Amino acid sequence: MEFGRILNLIIGGAICLFIFLILEEAIRQFFISSNILGILIFDEARLAYNLIKIGCAYLPAGFLGGLFVGYRDKENLKIILLFPSIIGFIFWAILNYFFGYWGFIPVDYLNMVIMPLFSLTAGAYLGGYTVNWPTERKPKEERVSLIFKE
Amino acid sequence: MRIKFPRMRLPLIIFVILVLSLLTSGLIIINSVLTSNLTEDGCIYFKTDLIEFKFPRNWSAGKWKYENGSKYLFGVSITNIDSSAYICLAFHNEESTREIMEKYNLANEMEITLFEVKLTYEGLNKSSGQAVLHFMENGTITLSFGQAYYRIIFIENALKRGDISYNFTGMFASVLIKDRLLEIFSYDLKGTWNETRRVLQIILDSLVVKEE
């Protein structure tokens, strides 16, 4: 694989990570400013929080990462669009392990691994294919005027 | 007049629909949970099979359970993210209570509380190396299901983060309810103990322990 393509994938992964971090913090701040942080003690509310996180953090982050990769690279989209999400997730896991709480608590595979990875990947595919989606172009209309002579 | 919609690509349409539907369903669930568990004074009323109580809605809260055979420990942690204040209720079942009391040779609530104070002080002193323990207050609190013994302590230089050292003000309380132990633990690191104590009072006033 060429260096340029690998670099594109790494930049795509970094975009995934940064957008995700910004959006996740924005969601948290929304809960804090709305004074509803305490509601997360209920399982139903935690599920709803995860749904919001998938919709407003993971999917858009993956989408933008995929958009970048899809714009820069047009070949083998099926395979290359897997990588921005995986790279972004690995960066995120490393950050969490060294600066977060991953080293202290037991890993919840569904919420901490499967859900983010799956949603980021889905977002990346949607983003990548949005740029490369074939669109039909209508031929320009031509006006033909007929003049009848008597 | 015909309205022209901008032509969108299919993956983008799927993305927008997914985002909107996930956000809407999440907000609807949050709203319904909030309205069904909100008290008149704006607190959240939390109910389980073991305990129920209310707490301020702007405090972060979580629950946890450790199970080992027939022993279990159920806990609720409530945190104020602005002031690093923390309140924890830990509820042991009969087997877990018996094990703790036999293992550490504890006879009553007073000894349990003292044991927890000692454990906390030793833990903090190990990391800071300069911690000084002061006993501030002790006594009993009347709760709806019994009397809890409590101790309030102040630990000078309890934590060091960089050049800043934090003082620890905390309350340890415990009550035995038919051989089941309920431990209440709260602390504050940023000098807002009065506010923490006010919230703790709200929790204790509304606290109900259910029969097994």
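**Exercise 1. What percentage of the 212 residues of chain B count as buried?**

Before we start: this is a predicted model, where local features need pLDDT of at least 70, side-chain atom pairs count only at pLDDT 80 or more, and totals for chains, interfaces and linings use all residues. Residues are numbered from 1 along each chain as its sequence is written, while chains are lettered from A and ligands numbered from 1 in the order in which they are written.

Step 1. A residue is buried if 20 or more other C-beta atoms, placed from the backbone, lie within 10 Å of its own, exposed if 12 or fewer, and partly exposed in between.

Step 2. By that count, 30% of chain B's 212 residues are buried.

**Exercise 2. Describe how chain B is built and how spread out it is.**

Step 1. Go through the elements: chain B has four helices and 10 strands (DSSP runs numbered from the N terminus, H or I of at least four residues for helices, E of at least two for strands). Starting at the N terminus, their order is α-β-β-β-β-β-α-α-β-β-β-β-α-β.

Step 2. Chain B is more spread out than a compact globule, because its radius of gyration is 23 Å, well over the 17 Å that the globule rule gives for 212 residues. (The radius is taken over C-alpha atoms, and the rule is 2.2 Å times the number of residues to the power 0.38.)

Step 3. Along the principal axes, the C-alpha atoms of chain B fill a box of roughly 85 × 50 × 35 Å.

**Exercise 3. Work out what chain A brings to its contact with chain B.**

Step 1. Count residues: 26 come from chain A and 28 from chain B, with contact meaning C-beta atoms, placed from the backbone, within 7 Å.

Step 2. Find the main supplier: on chain A's side, H2(A) gives the most, with 13 residues.

Step 3. Sort chain A's side by type: 20 nonpolar, five polar and one charged. Here Ala, Val, Leu, Ile, Met, Phe, Trp, Tyr, Cys and Pro count as nonpolar, Asp, Glu, Lys and Arg as charged, and the others, Gly among them, as polar.

Methods:
Two residues are in contact if their C-beta atoms, placed from the backbone, lie within 7 Å.
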